[in-house]
Amino acid sequence: MGKTVLIVEDEKTIVDILKFNLMREGYDTLEALDGLTGLELGRTKDPDLILLDVMLPGMNGFDVCAALRDGGSTVPIIMLTAREEESDKVFGLEAGADDYITKPFSMRELLARVKANIRRRSLDAGMRGAGENSLKLGDLVLDLNAVSLQKAGRTIEVSQKEFDLLTCFAKEPGRVFSREELMEKVWNYDYFGDVRTVDVTIRRLREKVEDDPGTPRYIKTKRGAGYYGGE
Ligand code: CA
């Protein structure tokens, strides 16, 4: 079945180039030229991935991303950031984006990221279908079928990447994962991954699950080595 990519971008020439290249790779596309339309299509059309520009008329990309996540959407979101600015990347990840790509981007790199993010999601779905249905990390319960997280009976909204990170830790509590390893496992990169993506996502995840994010119980830091799941 064809995968659908929603393009949210106000520059028509970029939309056309993206559409042309994605369709040539076999994807269906949906397009929105402003943030509110993008949010609406993201909510109603159930795309397999969203390419989301930051600077948009009406509602910016960070707010669209945050609104989708607040609504419980776990769709992979790649932010298109205009500048090579650290703050844009961090804002995007904090808003719940899975990935970002800086303009001007190479089409080859963008298509590779689209593919990696969609494949990752399919693999997760396959793994969930085949094996066990839930994992525990302390009093966190990960429902692998529903991709939902509960803490002491209360549901915590997390993005797909946050969920995937927790899954890594919950599968092998105590085992230390390096940032590079998490980048590869969760983001599917064995190429130019920026490991700070891992740090930002972990920080956001800690704020959601830890009683005190400053002294984490579930996601612990092994200094100079990486992160591990505490039991
Ligand atoms: Ca724009």
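The side chains of Asp 53 and Lys 103 meet in a salt bridge, with 3.0 Å from N to O; the term stands for a side-chain nitrogen of Lys or Arg within 4 Å of a carboxyl oxygen of Asp or Glu. This pair links distant parts of the chain, 50 residues apart: Asp 53 belongs to strand S3, while Lys 103 sits in the loop between S5 and helix H5 (107-130). Helices (H or I, at least four residues) and strands (E, at least two) are DSSP runs, numbered from the N terminus. Both Asp 53 and Lys 103 are buried, where buried means under 20% relative accessible area, exposed over 50%, and partly exposed in between (1.4 Å probe, protein chains only). The model described here is predicted, so local features need pLDDT of at least 70 and side-chain atom pairs count only at pLDDT 80 or more, whereas totals for chains, interfaces and linings use all residues. Residues are numbered from 1 along each chain as its sequence is written, and side-chain values use heavy atoms, with hydrogens and water left out.

In general, side chains of opposite charge can pair when their charged atoms come close. The structure holds 15 salt bridges. Another of them brings together the side chains of Arg 113 and Asp 99, at 2.9 Å from N to O. Since Arg 113 lies in helix H5 and Asp 99 in strand S5, the pair ties together parts that are 14 residues apart in sequence. Arg 113 and Asp 99 are both buried. A further salt bridge forms between Arg 175 and Glu 172, whose closest N and O atoms are 3.0 Å apart. Here Arg 175 counts as partly exposed at 29% relative accessibility, and Glu 172 is partly exposed too, at 34%. Salt bridges that share partners also join Glu 9, Glu 11, Asp 53 and Lys 103 into one network.

The calcium ion is coordinated by Asp 10 (OD), Asp 53 (OD) and Met 55 (O), at 2.1 to 2.3 Å. Donors are N, O and S atoms within 2.8 Å of the metal (3.2 Å for Na, K and Ca), and sites may look incomplete because water is not among the atoms. Along the chain, the donors of the calcium ion follow the spacing D-x42-D-x1-M. Asp 10, in the loop between strand S1 (4-8) and helix H1 (12-24), and Asp 53, in strand S3 (residues 49-53), are 43 residues apart. Asp 10 is partly exposed, with a relative accessible area of 32%, whereas Asp 53 counts as buried at 2%.

Strand S3 also takes part in an open sheet of five strands, ordered S2-S1-S3-S4-S5 with parallel pairing. Strand S2 (28-32) and strand S5 (99-102) stand at the edges with a single partner strand each, so one side of each is left without a neighbour in the sheet. Two strands pair if DSSP finds at least two bridges between them. Strand S4 (residues 77-81) is joined to S5 by four bridges, and Thr 81 has Thr 102 in S5 as its bridge partner.

Elsewhere, strands S10 (residues 219-222) and S11 (residues 226-229) pair in the antiparallel sense over four bridges. Ile 219 stands opposite Gly 229 in S11. Their hairpin has three residues between the strands, and Gly 224 takes a positive phi near 75 degrees.
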